[in-house]
Amino acid sequence: MASQPETEHPKKAFGWAARDTFTQNYSMHGTHDSQSYVVDLSQFFFFFRETGEKDVAFKIQYCGICHSDLHMLKNEWGNSAYPIVPGHEIAGVVTEVGSKVQKFKVGDKVGVGCMVGSCGSCQSCADDLENYCPKMILTYSAKYKDGTITYGGYSDSMVADEHFVVRIPDGIPLDAAAPLLCAGITVYSPLKYYGLDKPGQHLGVVGLGGLGHMAVKFAKALGAKVTVISTSPNKKKEAIENMGADSFVVSREQDQMQAVKGTLDGIIDTVSAVHPLVPLLGLLKSHGKLVMLGAPEKPLELPAFSLLSGRKVVGGSAIGGLKETQEMLDFAAKHGVKPDIEVIPIDYVNTAMERLLKGDVKYRFVIDIENTLKASS
Amino acid sequence: MAKSPQTQLPLKAFGWAASDTSGILAPFHFSRRENGQNDVTLQILYCGVCHSDLHTLKNDWGFTTYPVVPGHEIVGVVTKIGNNVKNFKVGDKVGVGVIVESCKECECCQQDLESYCPKPVFTYNSPYYDGTRTQGGYSNFVVVHQRYVLRFPENLPLDAGAPLLCAGITVYSPMKYYGMTEAGKHLGVAGLGGLGHVAIKFAKAFGLKVTVISSSPNKEDEAIKRLGADSFLVSSDPAKMKASAAMGTMDYIIDTISAVHSLIPLLGLLKLNGKLVTVGLPNKPLELPIFPLVAGRKLVGGSNFGGIKETQEMLDFCGKHNISADIELIKMDHINTAMERLSKSDVKYRFVIDVANSFSSL
């Protein structure tokens, strides 16, 4: 008999969850479009495990809202386990540590990102690339090693294996730190892996949302010249004045795109909607690299000529390993790289997610868990 | 008044050209420039038949100007050198590949990467600086700037060595650039034609494990027994490929397929961080799924033949390891039949035209 959340584990927690009303809705009406989906998170009590010898328990203070949370709520990747307590940009303060925990103590400021477990023995794990481990366990809506379902950061507390907990450096306030745990590492990792971290390079960033604005800030901190490529002309002022982008190009405007042709060493493409690659490849210098972070649903057209002439590359990347996540946080603290956030009370979460669906946020919502997540009677 | 091909330039030349998109080649009288200070004239002995020749003859890429004499896998003997030429002498065996000029000033040219120069002059079907168009190696002789002439290793057969000038460098260059040279790693070679079979030979010389991915099951025996591939995967059944034990086992794949195809099954064969390098130029776009790139940090890259310095390095490597192509030697009058067969992948694995014995002498 399936165990109930209430009886699996001893430690009581409180959060906001989505039930699988959406899936029911979909199977009845066969429709998947955002118009018909109503975000409907509500109060939810659940339980998590005792603090094991390698575990770190912490109270959550802030949690970022990532677009992946929406993908998971809508079961777009087919692997959602309901009820879902989303949230994988989690920042808080340690309340208890297991007997074998070495890196943390009570009172430390810590974070948890997209993963809470991996096999620990494969080549990816050995290479500090837990994000590519075939048995990687997601922070929420995934099956943990003990067979129970994981719950994420839209909640008041969490326990996680020490290996998957990172230290938040002193230079970053916790609310700003939260989005770094997914958006931050997702852009930082490919900038390093694809060699786009050298000062003086000219980088393009496609899409100015949660990921895009982080890419601009990290790229500037690494010493790059940055051109934002966007469909929204109204984001230009902020991109240049607040984020430090050097220029801004509207992708629909041919003459603007033409002016950037053959000038970029690399492009970080954060857009997950289907869009043409050929104009972007044209913006690259020879030996340039186009890095995809969003995964459009349908395959894209790629004329071989666009890659051959110029020996160009299209690659992908997904989040990053724990070691690199810590490195990214330390870099962000040292160079003052912080996301632009809109802090919201938990009661606003459904509205916030609906705004996120329309891209109406500058540039990441962060839930103020500490001050606003309280169980109503 | 416009000059005819025979009188545009001072030296009479003879070759075979196509005059329309049927791509049918026929005898053609034209002319070439005098041998200048920096030039080398070579009598052409052999010329390989590259699939690019066929793409050009049929105007697959949309920029052919007829009449066109194709051929960019040229091996010949030096008959004349200009005053500034120090590295070659009359009688030397030399080769000419895909380009005969470049700007020499851009970053790419300065880094010996002439194949990425934005202003290349290709061996055929390209505008030259004197207003004429270049004509290729299906002809009796050619005049080339010394910088773009290659020394041919003594011990390599001239006929079987000709395809190295395009096919050879086209696979050698990306194998070096994308790091496909670590002994023990697993390389997939997609497409078993002119490029593919040379890739296997290089791969074995680098100590790689090789799996051939091909739509022609009848090539399996040879691939394994004669070419030295370790295994063979038939690609015509995508479902079978997806279910095979080869999924997720390859460190890299070199994709030499000249026809339009989807990259979906090939990307599935790559390990995490795997690299797929495409060197073929189908006339329609490839289908690229993004999800496997993101989920497995994989990449798809391109590569376009190679610079002159690297082409020389590749030839010397072949000389050292005794690597040359597997060819079917033909006379020029057989060329149209050969092109038909090439379009059906019916050649093991490169046609080479015995030019010297097809024409009367220079």
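**Entry 1: salt bridges.** I counted salt bridges over all chains and got 37, taking a salt bridge as a side-chain nitrogen of Lys or Arg within 4 Å of a carboxyl oxygen of Asp or Glu. The model is predicted, so local features need pLDDT of at least 70 and side-chain atom pairs count only at pLDDT 80 or more, while totals for chains, interfaces and linings use all residues. Residues are numbered from 1 along each chain as its sequence is written, chains are lettered from A and ligands numbered from 1 in the order in which they are written, and side-chain values use heavy atoms, with hydrogens and water left out.

I then looked up one pair, A:Lys100 and A:Glu53, whose side chains form a salt bridge at 3.6 Å, N to O. A:Lys100 is in the loop between β4 (90–97) and β5 (109–112) of chain A, and A:Glu53 is in the loop between β2 (42–48) and β3 (55–64) of chain A, so the pair ties together parts 47 residues apart in sequence. Helices (H or I, at least four residues) and strands (E, at least two) are DSSP runs, numbered from the N terminus.

**Entry 2: helix α6 of chain A.** I checked α6 (residues 183–193) against α7 (residues 210–221) in chain A: they pack at about 50°, with axes 9 Å apart. Axes are lines fitted to C-alpha atoms, for helices over the stretch in contact, and angles run from 0 to 180 degrees between N-to-C directions. That makes α6(A) oblique to α7(A); angles under 35 degrees count as roughly parallel, over 145 as roughly antiparallel, 65 to 115 as roughly perpendicular and the rest as oblique. The crossing of α6(A) and α7(A) is right-handed (the near helix is turned clockwise from the far one by less than a right angle; anticlockwise is left-handed). Contact means heavy atoms within 4.5 Å, and the residues making it include A:Tyr188 and A:Leu191 of α6(A) and A:Met214 and A:Phe218 of α7(A). By class, this contact of α6(A) with α7(A) has nine nonpolar, three polar and no charged residues. Ala, Val, Leu, Ile, Met, Phe, Trp, Tyr, Cys and Pro count as nonpolar, Asp, Glu, Lys and Arg as charged, and the others, Gly among them, as polar.

I next took α6(A) with α12 (residues 322–335) of chain A, where the axes come within 10 Å and cross at roughly 100°. That makes α6(A) roughly perpendicular to α12(A). Among the residues in contact are A:Tyr188 and A:Lys192 of α6(A) and A:Glu324 and A:Phe331 of α12(A). The contact of α6(A) with α12(A) divides into four nonpolar, three polar and three charged residues.

**Entry 3: a helix pair in chain B.** I found α5 (residues 194–206) and α10 (residues 308–321) of chain B packed at about 70°, with axes 12 Å apart. That makes α5(B) roughly perpendicular to α10(B). The crossing of α5(B) and α10(B) is left-handed. B:Phe202, B:Ala205 and B:Phe206 of α5(B) touch B:Met314, B:Phe317, B:Cys318 and B:His321 of α10(B). I sorted the contact of α5(B) with α10(B) by class: six nonpolar, one polar and no charged residues.

**Entry 4: backbone.** Most residues other than glycine have a negative phi, and most peptide bonds are trans. I noted a cis peptide bond between A:Lys362 and A:Tyr363, with omega about -10°. A:Tyr363 is in the loop between α13 (349–357) and β18 (364–368) of chain A. In chain B, the bond from B:Lys348 to B:Tyr349 is cis, with omega near -10°. B:Tyr349 is in the loop between α11 (335–343) and β18 (350–354) of chain B. B:Asn125 has a positive phi, near 65°.
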